[in-house]
Amino acid sequence: MRRLAGLVMVLGFYASVGQGLTDDMKATEEQLYASTKQINQFFRRFNGEEDDRGDRYYEGDKKYRDSGLRRKYLPMLFDEEAGSSEDVRKDFVKQLTDRKTPVFLDFHRDDWVAEVNAQFRFKGQDVTALLYMKLQAQGQGYEWVIDDVSFEPFKTFFEKDTSDQKQFIHPMSHELEFMTLRKAFANNEYPEQYTPRSYEPDYLTLFLYEMKRGNLKFKTVKNVRFHFFDIGGWYFELANFNRPGYNTGWLISNLMKIQNDQQLALLKAYVYDKN
Amino acid sequence: MNYMKHILVAVTLLMGVSAFAQTNVDPRRKQAIDSLALEKVKDLSKYISIIGDKQTQFSEAQRVMDRAEELFAPDSEMGVSSLSREEISYYKVREYFERLMALNYDKVTIKWYDIHYISDLERQPDGTYVGVITIYQRFEGTSDDGMSYKDTTKKDITIYVKKKETQIAGRTIEFWDVLLGDVRVTETSA
């Protein structure tokens, strides 16, 4: 609360700049200043690259990436209603703002992904797909590309039996020029049981195939969130909070210290809905 | 008149062409581009207020819509959602203005908060720079029977910064111009 009160005092000055605004608009304007309005602003506040009014600090400016500035901004970048531990947050901020080894976000180089919850029309029904988007260097600049997809109709379509009772193609089939395939595929809903143990269906390819065949039509985006996987040994999730008050906009909704590579791999599998 | 104003601001960017053609935008150049982009966004804000105003004559509204459309790159769209309707509706820019003009209120007041947030410029694969400017609009519509509606909407406006050429006194001069692109309109709870 003390942090918010301090911020409101600072914002009060800027709100007075507004001309011809009604009183309720002035109150709203203070909240809008406080809101983290763009992902870009999240990056800048996280890194300490802008002033209270949102004007950019550049390399060489006295306050650019100032650790004091960052210690002021970073605690305000959490969703206050998420209920994450205050101690964990403090550890996170302390590590990021360490004077010798500070950690900053890098738009182009960091391991981060956008999870886009989108609606499609598929076989006469509205269905949700999660598109995982990544930035990729291309030509003279960058582009967002679809890295993977989670799509429920595909997930339930593949059910691989890996038990000892599973159907198989016997090991002397080669002597028969694999005539055993005829029986294997006859009336078989699950031909995936004839694939190696390591087989994983490539949902993105299937998704694009259905789209190219005209079976899958984009309707709309419902919401977006972001996952930052390894920022100085931390994972965090970024989500948009559209609500009254000062703790709004793009905020950290989930925070976790990564202990080792195995935990990071498990976390990625979870985020990509591969568990 | 606006066109001339934009040309004048654009010409001020001429000196930095070589620096700007590199991957990172020089901060001073970026500030000049921001000013130009903000001019266009302010023009758009002004045009929207005029188009929405019920006192505006039909012919005048049509003329302002033409001017407003000129600010945008071809095929730009407005993606609109509200607190009560999560799904985004997509409109061509002209269609959005026409719907605004046709709103069924007797009095409409559109005001703009004194907030604008300008993102960094990122280069896309074809070399064009792209950024986003965020502004906030206050809408109030009232009917003669006393019914009224108010909302605050956030408008995230794409800006494209492109290198162009023009002839001045027989010489080919390169300059950087700004066009607006797709706009995401969301109702805020604030």
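Modeller: Contact here means heavy atoms within 4.5 Å. This is a predicted model, in which local features need pLDDT of at least 70 and side-chain atom pairs count only at pLDDT 80 or more, while totals for chains, interfaces and linings use all residues. Residues are numbered from 1 along each chain as its sequence is written, chains are lettered from A in the order in which they are written, and side-chain values use heavy atoms, with hydrogens and water left out.

With that in place, Leu180(B), leaving aside its neighbours within four places in sequence, is in contact with Lys40(B), Val41(B), Leu44(B), Leu71(B), Phe72(B), Ala73(B), Ser76(B), Ile157(B), Thr158(B) and Ile159(B). Leu180(B) is also one of the residues with the most contacts inside the largest nonpolar core, which has 40 residues; such a core is a set of buried Ala, Val, Leu, Ile, Met, Phe, Trp, Tyr and Cys residues joined through side-chain atoms within 4.5 Å, where buried means under 20% relative accessible area, with a 1.4 Å probe and protein chains only. Helix α3 of chain B gives the most to this core, with nine residues; helices (H or I, at least four residues) are DSSP runs, numbered from the N terminus.

Helix α3(B), residues 27–52, packs against helix α4(B), residues 58–70, at an angle of about 155°, with their axes 9 Å apart. Axes are lines fitted to C-alpha atoms, for helices over the stretch in contact, and angles run from 0 to 180 degrees between N-to-C directions. The two helices are therefore roughly antiparallel to each other, a term that applies to angles over 145 degrees. On the α3(B) side, Tyr47(B), Ile50(B) and Ile51(B) meet Ala61(B), Val64(B), Met65(B), Arg67(B) and Ala68(B) of α4(B). These residues divide into seven nonpolar, no polar and one charged, with Ala, Val, Leu, Ile, Met, Phe, Trp, Tyr, Cys and Pro counted as nonpolar, Asp, Glu, Lys and Arg as charged, and the others, Gly among them, as polar.

Helix α4(B) also packs with α5(B), at an angle of about 150° and with the axes 10 Å apart, and this pair, too, is therefore roughly antiparallel. Among the residues making this contact are Phe58(B), Ala61(B) and Met65(B) of α4(B), together with Val93(B), Phe97(B) and Met101(B) of α5(B). By class, the contact of α4(B) with α5(B) has seven nonpolar, one polar and four charged residues.

Note on methods:
Parallel < 35°, antiparallel > 145°, perpendicular 65-115°, else oblique. Buried < 20%, exposed > 50% of the residue type's maximum accessible area, 1.4 Å probe, protein only.
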